[in-house]
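Thanks for coming, everyone. I'll keep this short. Please have a look at the structure first.

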Amino acid sequence: MAQQVVSKKDYIEIRKRPWYVYVIGLLWIGLIGFLAQNAAASAQELEPRAAMVFWVSAAVVLLAGVVIAFLRSRK
Amino acid sequence: MLAGKKFLGPQTAPTPESRGVPKWTGTPEEASKMLRAAMRHFSAANCGFTVLDENTSKLIYSKDPDGKELIFTDEVKASETDKQRFIPKSCKCVMAYTVQMSPETMRRSPTMTGGQTTTLAYKRAENIQASVQEFLRGLGYQGLGESSTNALGIAPAFGVLTGLGEMSRLNRMISPEFGPMVRVFKLLMDLPVAVDKPIDAGIMAFCKACKKCAEACLSQSLSLTPSPPGRCEARGTTGHKAYFEDSVSCMTSWREKATTNCGICFGVCPFAKKDKAWIHEMVKVGMSVAPFADSFFRSMDDAFGYGAQASGESWWNLDLPEYGIDSSQPVGAV
């Protein structure tokens, strides 16, 4: 089997994310879940305005999280 | 079940004596638990218990709406004549219970759709009262009920004493579970039960900051005072903590403006929520522990469009459960 030659200049950097990133991620997912539950339940409660406010809030939080994650990954 | 309210009940269920068996016996706690289960089965929303003493006996009327005197007696059996109703002193346990009303019809007040909401709850209560009176009779006890709508005693007061809710700016009882969307009823009985205590869920404190019902009232009949005055000058009543409404202008508005029952104050109340969205329970907790945030909660209630009145026409297109109520909603006391 041919032995792979690795250049001394090539290396893989594994950076461990700090613990609070995981906590923030969980909070983000929880908040989206909470807002989505309230949105769906408000629709069941026949409260259209409340449902719309919750859906919009969920969408904004979701989008904000995706954008922040994308920007962080580009650093 | 037999419809129509009667002080003594239908009196048709076989008694333990007629069956040749002893009357039911158990601890007061067992009796309370049994009655709570039975009342939910009979379609009451919730129930609570208290005992008549020298003070709370004042909440029993001296006369019923039909003019018959209500008299406490040392006799063991309750009875009734053409002019009087006799309440044995042994019937000192009071059960207050609530019957849910449909929020979707009430928020359409004042229309005929909204107006029948209370009527329907009263009709259901007739069956509930007759059912529990017969249930008690079958156990070997007496249940003395309302001879007609709102007879016997002051229902909201008993609702508060039994921990079913708190008084509010709309001068009705508001329960933590169903808000103002309940009617309150009461029954006297000689079955010893474990009594409940009044609650403080932050409801009356919230009313200080809210005023939504008073602002929506068609006839400006509800009080806008910041705190419950504790005294109603017009009626000369003192000693109970309540906001007072101008009943005369309210009823006049019913007849002249609305031409049907009103109920806007019930429909717009921030407590008149269904329990599906998690946010409601969180807000309730917030209200009870952080009354300084009540104004914020009221503002958010407006922003989210809660309490907005709906058109009577749109009700016909809704797909609602029986009686328009959610009977699966749990209650804290059960």
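In what order do the three strands of the open sheet in chain B come? Keep in mind that this is a predicted model. The order is S2-S4-S3, and the pairing is mixed. Now the edges. Strand S2, residues 69-73, and strand S3, residues 79-80, sit there in chain B. Each has a single partner strand, so one side of each is left without a neighbour in the sheet. S3(B) pairs with strand S4, residues 84-88 of chain B. That pairing is antiparallel, over two bridges. Within it, Glu80(B) stands opposite Arg85(B) in S4(B).

Next, another strand pair in chain B. Strand S1 covers residues 46-51. Strand S5 covers residues 93-100. S1(B) and S5(B) run antiparallel, and six bridges join them. For one facing pair, take Thr50(B), opposite Val94(B) in S5(B). Is S1(B) enclosed or open? Five of its six residues are buried, so S1(B) is largely enclosed by the rest of the structure.

On to a helix. H10 of chain B has twelve residues, 278-289. A quick geometry check: at 1.5 Å a residue, H10(B) should span 16 Å. Its end C-alpha atoms are 17 Å apart, which agrees.

Which residues of H10(B) are buried? They are Ile279(B), His280(B), Val283(B), Lys284(B) and Met287(B). Look down the axis of H10(B): these buried residues fall within an arc of 140°, so they line one face of the helix. An α-helix has 3.6 residues a turn, so residues three or four places apart point the same way. Turn to the other side of H10(B), and Glu281(B), Met282(B), Val285(B) and Val289(B) are exposed.

What covers the buried residues of H10(B)? The cover includes helix H6, residues 203-210, and helix H11, residues 294-303, both of chain B. It also includes helix H1, residues 19-44, of chain A. That takes us to the other chain.

Twelve residues of chain A are in contact with nine residues of chain B. On the chain A side, H1 and helix H2, residues 48-74, each supply at least two residues. H1(A) gives the largest share, six residues.

To recap one point: H1(A) is part of the cover over the buried residues of H10(B), and H1(A) gives the largest share of the chain A side that touches chain B. Over to you for questions.

Definitions and conventions
Residues numbered from 1 in each chain as written. Chains lettered and ligands numbered in written order. Predicted model: local features only at pLDDT ≥ 70, side-chain atom pairs only at ≥ 80, totals over all residues. Buried ≥ 20, exposed ≤ 12 C-beta atoms within 10 Å, placed from the backbone. Helix = DSSP H or I, 4+ residues; strand = E, 2+ residues; numbered from the N terminus. Pairing = 2+ DSSP bridges. Expected span 1.5 Å × (residues − 1). Arc of directions from axis to C-beta. Contact = placed C-beta atoms within 7 Å.
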